[in-house]
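Welcome, and take a moment to look over the sequence and the model before reading on. We will walk through the structure together, one region at a time.

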Amino acid sequence: MQKNMHCRVTPIPTDSTRNLCESVANFRVLPQNQTLSVSLYRYILTTMSSSASASSDSDEETLRRSRILKSKLYFDVPLSKVPVIYAASYDIAFLGIEKLHPFDSTKWGRICRFLVSDGALHRSCIVEPLEASKDDLLVVPPVALFPNCLVQQKVLHPFRNQVGGTILAAKLAKERGWAINVGGGFHHCCGEKGGGFCAYADISLCIHYAFVQLNISRVMIIDLDAHQGNGHELDFANDRRVYILDMYNPGIYPFDYEARRYIDQKVEVASGTTTNEYLKKLDEALE
């Protein structure tokens, strides 16, 4: 643009932005006495963009808080119950097809049966969670819902029950000092996408519920799965309230190098690491 040329800015609100402050600018060359300088024009655009972003973030946070406060996933659990959360609906049975897949889709039930048979837990003392509803899940936008009713009933329904268990576990942990959800821990799913047998971001959901409902101000995630927990790492990339310690094998799925940037403390362990080596590294990391 030539030095003696200036531009006049006419903000035009777009229909799609509704009450947000986003605008597009229409400008043309005019005589100097009827103009805004280019630097002022840029300043206005920057200010409008920042205002729009702040307004959008505020609206999103207000909606998230409203959904959390309306949720029924937090409920009072009688003291006669142990803070171990499980429901028979956690287990996935898909017409026998699940047996052909490497993912163990009935491990949660087998864990509880082992604890009961070993005398460590009485079946009547187990807490059964509620299934997370669509509004509950939208606190952290989930992956697209499958239209197939069979997949919904046989696969996603068990996963949504496990999400309800993870969210309830935080409330029980605050009340009792500890809690275990036998299922859940879908650490490859974030608000943008699923992955690695993880359809819903239950860890991120649990933390957001705890921030609003339990008045929690800081959270630490200690992820000891062999795979990197890239889902929660992406969800809390810029949230300093969440500290992440991830102990994983860097030579296997998901190879998410972007998410690794958001791990506060990485502990990388190669295939073939012995139990003693593993526990030594974990102790050092926890210190």
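Predicted model: local features only at pLDDT ≥ 70, side-chain atom pairs only at ≥ 80, totals over all residues.

Residues are numbered from 1 along each chain as its sequence is written, and side-chain values use heavy atoms, with hydrogens and water left out.

Now for the overall picture. The protein chain has 287 residues, and 40% of them count as buried. Its accessible surface, by the Shrake-Rupley method with a 1.4 Å probe and, for residues, only the protein chains shown as cover, comes to about 16600 Å², of which 55% belongs to carbon and sulfur atoms. There are eight helices and nine strands in the chain; these are DSSP runs numbered from the N terminus, with helices being H or I of at least four residues and strands being E of at least two. A contact means heavy atoms within 4.5 Å. Among contacts in the chain with a separation of 6 or more, 63% are between residues 24 or more positions apart.

What lies inside? A nonpolar core is a set of buried Ala, Val, Leu, Ile, Met, Phe, Trp, Tyr and Cys residues joined through side-chain atoms within 4.5 Å. The largest such core has 25 residues, and those with the most contacts inside it are Tyr74, Phe159, Val163, Ile167, Tyr200, Leu205 and Tyr209. Helices α4 (149-176) and α5 (202-213) are the elements that give two or more residues to this core. A second, separate core has 16 residues, including Ile85, Tyr86, Ala87 and Phe103.

Next, find Thr166, which lies in helix α4. Thr166 counts as buried because its relative accessibility is 12%. Its contacts, not counting residues up to four places away in sequence, are with Asn181, Gly183, Gly184, Gly185, Asp202 and Cys206. With Asp202 there is also a polar contact between the two side chains, at 2.6 Å. A polar contact here is a pair of N or O atoms within 3.5 Å; within protein, one must be able to donate a hydrogen and the other to accept it, and residues adjacent in sequence count only if both atoms are side-chain atoms.

Asp202 brings us to α5. This helix is mostly covered, with eleven of its twelve residues buried; among them are Asp202, Leu205, Cys206 and Tyr209. From its first C-alpha to its last, α5 reaches 16 Å, close to the 16 Å expected at 1.5 Å a residue, where the expected span is 1.5 Å times one less than the number of residues.

Most residues other than glycine have a negative phi, and most peptide bonds are trans. Asn215 has a positive phi, near 60°, and is exposed because its relative accessible area is 69%. Another positive phi, near 55°, is found at Phe255, in the loop between β8 and α7. Phe255 counts as partly exposed because its relative accessible area is 40%. The loop between β8 (242-248) and α7 (257-260) also holds Pro254, and a cis peptide bond joins Tyr253 and Pro254, with omega about 15°.

How many disulfides does the structure hold? There are zero, a disulfide being a pair of cysteine sulfur atoms within 2.5 Å. For Cys189, the nearest cysteine sulfur is that of Cys190, 6.2 Å away. The sulfur of Cys198 is 6.9 Å from the closest cysteine sulfur, in Cys189, and is therefore too far for a bond. Cys189 is buried at a relative accessible area of 2%, and Cys198 is buried at 8%.

Our last stop is Leu286, in helix α8 (residues 275-286). Leu286 counts as partly exposed because its relative accessibility is 47%. Leaving aside neighbours within four places in sequence, Leu286 is in contact with Ile222 and Leu245. Leu286 and Leu245 are 41 residues apart in sequence, and 8.5 Å apart in space from C-alpha to C-alpha.

Terms used: Buried < 20%, exposed > 50% of the residue type's maximum accessible area, 1.4 Å probe, protein only.
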